[in-house]
Amino acid sequence: MSTSGGGVPPGGGGWGNAGGGWGNGGWGSSPPGGQGVAPGGGGGASSSGGYPPPPPGGYPPPGGTPPPGAGWGAPPGGYGAPPGGGWGPPPAHGGGPPHGAPAHAYSDKDQATAFMLAVFLGTFGVDRFYLGQTGLGLLKLFTCGGLGFWSLIDTILIGTGSMRDAQGLVLRRDAPVGHPTKSQSTLFLLSYFLGYFGVDRFYLGQTGLGIAKLLTCGGLGIWSLIDILMIGMGRFRDAEGNSLRFER
């Protein structure tokens, strides 16, 4: 019995051999009168050839089937964790010390205070007591500043910025101003021994003040004394207004 329009092929199966569709030799022509419907609601395949129906759940992806119960596994990972538990802190700008590390450790003792104590009370060892060096302070006291020589040496060491406290830390100073180029130690030595002739002012590039200091013999000594104190305290400036450079 034939159908018109879209019936079921004779025999109740899929597309038969005589009608085309899924035939023995591959793709055939469409069944007579349109496309039929296989029993069960879908197009079937001929028992004599063609593609078999897909298995339950569909065809597996290319490359085989996953092992039972394991699936296809996790996707490929990234680069993994950094070695040693981390890459460490980022490098400091300019190749300097690591971030957060102080460039220099400073004492809680002040350069200016230590120098003034050395100048006026160094014979009694007060400068050494201030720096936390009690034993040296007592020795300096009992020897009257080493008959004056020890006091002179300590005054020069503190004035040039070379003195350290009991823990070996650099004495605290004012923050630098501008671009320091003139040496604190060089200027102090020039002022201490040749200040009457204005050599310290010439070194700073202050030619006019140097000549005035020379012609007045250091302002009769008063000007020279003031310059020594200001330089030793680390509070002096050069001709451009820059602070002095301390060697560490």
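A salt bridge is taken here as a side-chain nitrogen of Lys or Arg within 4 Å of a carboxyl oxygen of Asp or Glu. By this rule, seven salt bridges are counted in the structure shown above. The structure is a predicted model, in which local features need pLDDT of at least 70 and side-chain atom pairs count only at pLDDT 80 or more, while totals for chains, interfaces and linings use all residues. Residues are numbered from 1 along each chain as its sequence is written, and side-chain values use heavy atoms, with hydrogens and water left out.

The pLDDT (the predictor's confidence in each residue, from 0 to 100) averages 76 over the protein, and 58% of the residues score at least 70.

Helices are DSSP runs of H or I with at least four residues, strands are runs of E with at least two, and both are numbered from the N terminus. R128 counts as buried because its relative accessibility is 9%, where buried means under 20% relative accessible area, exposed over 50% and partly exposed in between (1.4 Å probe, protein chains only). D154 is buried too, at 0%.

D154 also forms a salt bridge with K140, the closest N and O atoms being 2.6 Å apart. Here helix α3 (residues 134-142), which holds K140, is linked to helix α5, which holds D154, the two residues being 14 apart in the chain. K140 has a relative accessible area of 0%, so this lysine is buried.

In another pair, the side chains of K213 and D200 meet in a salt bridge of 2.8 Å, N to O. K213 sits in helix α8 and D200 in helix α7, 13 residues apart. Both partners are buried, K213 at 0% and D200 at 1%. Salt bridges with shared partners also join D127, R128, K140 and D154 into one network.

The loop between α7 (199-203) and α8 (207-215) contains Q206. With a relative accessibility of 15%, Q206 is classed as buried. Its side chain makes a polar contact of 2.7 Å with that of R201; a polar contact is a pair of N or O atoms within 3.5 Å, where within protein one must be able to donate a hydrogen and the other to accept it, and residues adjacent in sequence count only if both atoms are side-chain atoms.

The largest core has 18 residues, of which F115, I158, L187, F188, I231, F236 and L244 touch the most other members. Two or more residues come from each of α1 (111-121), α5, α6 (184-194) and α10 (222-232), and α1 gives the most, with four.

Notes. Core = buried A, V, L, I, M, F, W, Y, C linked by side-chain atoms within 4.5 Å.
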